[in-house]
Amino acid sequence: MKPSLTASLQATLEGIFIALDAIRANRVRAALTILGVAVGVFVVVAMAATIHGVTLSFQSDLDAFGGDAFMVRRQDVGINACDGTDENCPDRRNPTITMEEWRAIKALPSVGAASPWLFGNSGIRYMNVAIESVNLEAYGDEWLLTDGGDIYPGRNYTSKEASNAAPIAILNDTLAKQLFGQSDPIGKDVMIDGQQFSVIGIYQTRGGFLKSLDGRGPETPKIIVPAETARRRLNVWMRGMMINVKPRAGVTRGETMDEVTATLRSMRGLRPSQRSNFYLVGQDKIAETFNKVFGALFLVMLVLSAVGLLVGGVGVVAIMMISVTERTREIGVRKALGATRRTILWQFLVEGATLTSIGAAVGLGAGALLAIGIRSWTSIPAAVPLPAIVASLVASALTGILFGMAPAARAANLDPVEALRYE
């Protein structure tokens, strides 16, 4: 006859209480078991929360960049892309993207906006406040159309100012606070690498993980100047120049890419049989690289969590084997009073699942605290996704059941007469 729901619930509660008693009686063994499971669950939850936050932030960056926008680069991006300093890398011989090529691309009928992107590192000073190393970025006047940020207070530089290499600068909010505190920076002069620049605006980035990764996040002090100004007046890495391109409304990215490719190949005198010595990188390419990187991290996460659960499972076997030995006479009495093999088996399986579930709860709590810390200290909106919580609890319970099966089966198979004789 099958046990009633009430009897099953009673057996479950009894198994939980016995597990708690076993923890109190064997604190060291129980602590090692709980710790092993907690470490495994913590790794899963922490990585899941981080990857979830990074994914949201990454997608936000791609949305700001624009689904149809793309970059013209000297070198490819991705895990398999080679370093241009490597003698065996074919990209090493790729020519630098030039300002002339940017102007040609900007003039194409299919292009809605195009901005050169140069970067470097400069010292900046205002009165007695000096910062030796600040990220410097240089763009064309259309950069806001391809970057997705805002300027307030102040303004962007005009096309005439950009082409005339005007000594003007836009500071991001972080740098403005470091230099000027609570005072208004607009119209004030700062010294960049010993040259005087007038501040015309404060940049408010829509920064996420992608921008933070390459030093363009809101937490990083940054100066923005016109590209021609940077080329003539400041120390920027011309060989690393890229062009951000946004297609004109009603034109597909593919059509614009084809036109840009044809223009660059013609300007560089490439024959049809020769490969392109530049790369066009769109949102899909960046997303593909991102997925490969975090796919590898996910596999590492699974391995680490499996090790933790294995440690916890071994602890379950040890503590439950001791528990079976210590309670042999009790098991004999219960069997003599009518307890079935299934009842005994269920009780010990519940005990094992309780041990690992406590470890899972500890790991979940630690992972949630880490996610809160990441969300508070960085621009990554880390959060523990519900599937990760469910998967952690289920995995820990299954670990307790699977590793507790052997001790539970041993207890269930005890002969009641022999068990009552046990000393």
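Predicted model: local features only at pLDDT ≥ 70, side-chain atom pairs only at ≥ 80, totals over all residues.
Biologist: Happy to start with helix packing. At what angle do the axes of helix 3 and helix 9 cross?

Modeller: Two packed helices are described by the angle between their axes and by the distance between those axes. Here, helix 3 (residues 99-106) and helix 9 (residues 253-267) have axes that come within 10 Å and cross at roughly 140°. The two helices are therefore oblique to each other, and helix 3 passes helix 9 in a right-handed crossing.

Biologist: Thanks! Which residues make the contact?

Modeller: Helix 3 contributes Glu100, Glu101, Ala104 and Ile105, while helix 9 brings Val260, Thr263, Leu264 and Met267. By class, that contact has five nonpolar, one polar and two charged residues.

Biologist: Now the charges. How many salt bridges does the count come to?

Modeller: Side chains of opposite charge can pair when their charged atoms come close. In this model the count comes to ten salt bridges. One of them joins Glu101 and Arg268, with the closest N and O atoms 2.7 Å apart. Glu101 sits in helix 3 and Arg268 in the loop between helix 9 and strand 10, 167 residues apart.

Biologist: Is Glu101 buried or exposed?

Modeller: Glu101 counts as buried because its relative accessibility is 5%. Arg268, at 16%, counts as buried too.

Biologist: And where do Asp173 and Lys177 lie?

Modeller: Both are in helix 6, four residues apart, about one turn of the helix. Asp173 is partly exposed at 27%, whereas Lys177 is exposed at 52%.

Notes. Residues numbered from 1 in each chain as written. Heavy atoms only, no water. Axes fitted to C-alpha atoms, helices over the stretch in contact; angles between N-to-C directions. Parallel < 35°, antiparallel > 145°, perpendicular 65-115°, else oblique. Left-handed = near helix turned anticlockwise from the far one by under 90°. Contact = heavy atoms within 4.5 Å. Nonpolar A, V, L, I, M, F, W, Y, C, P; charged D, E, K, R; others polar. Salt bridge = Lys/Arg side-chain N within 4 Å of Asp/Glu carboxyl O. Buried < 20%, exposed > 50% of the residue type's maximum accessible area, 1.4 Å probe, protein only.
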